[in-house]
Amino acid sequence: MGMNKNTILGWATLLMLAMGILLIGLGAFRYRDVSGWGFAAVGIGFLANAWVFSSLKGRL
């Protein structure tokens with residue numbers, strides 16, 4: 001069973017969503033100082049990239 005490009009984009013989207021939520025959670029609950037803002041900003045960036053990967057599914 002091979003993986004085509006849509007399957008790979010689906011897995012990448014899932015992993016980036018998980019990582020984005022994890023980073024936002026770290027920024028909100030673990031680091032309450034200035035570094036928390038950085039973690040949350042990077043987490044939002046991961047969610048934005050996951051959205052792009054999700055929208056590319058089926059078009060490439």
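**Exercise 1.** Find the helix that holds Leu 14, then decide how open this residue is.

*Solution.* Step one: Leu 14 sits in helix α1, which covers residues 5–30. Helices here are DSSP runs of H or I with at least four residues, numbered from the N terminus.

A quick word on the ground rules: this is a predicted model, where local features need pLDDT of at least 70 and side-chain atom pairs count only at pLDDT 80 or more, while totals for chains, interfaces and linings use all residues. Residues are numbered from 1 along each chain as its sequence is written, and side-chain values use heavy atoms, leaving out hydrogens and water.

Step two: Leu 14 has 48% relative accessibility, so it counts as partly exposed. (Buried means under 20% relative accessible area, exposed over 50%, and partly exposed in between, with a 1.4 Å probe and protein chains only.)

**Exercise 2.** Work out how α1 and α2 are arranged.

*Solution.* First, a tip: two packed helices are described by the angle between their axes and the distance between the axes. Now the values: the axes of α1 and helix α2 (residues 34–56) come within 7 Å and cross at roughly 160 degrees. The axes are lines fitted to C-alpha atoms, for helices over the stretch in contact, with angles from 0 to 180 degrees between N-to-C directions.

**Exercise 3.** Are Leu 9 and Thr 13 buried or exposed? How far is each from Ala 50?

*Solution.* Start with Leu 9, a residue of helix α1. Its relative accessibility is 12%, so Leu 9 counts as buried. Leu 9 and Ala 50 are 41 residues apart along the chain, and their C-alpha atoms are separated by 9.1 Å.

Next comes Thr 13, also placed in helix α1. Thr 13 is buried too, with a relative accessible area of 10%. From Thr 13 to Ala 50 you count 37 residues in sequence, but 4.7 Å in space, C-alpha to C-alpha.

Key. Helices (H or I, at least four residues) and strands (E, at least two) are DSSP runs, numbered from the N terminus.
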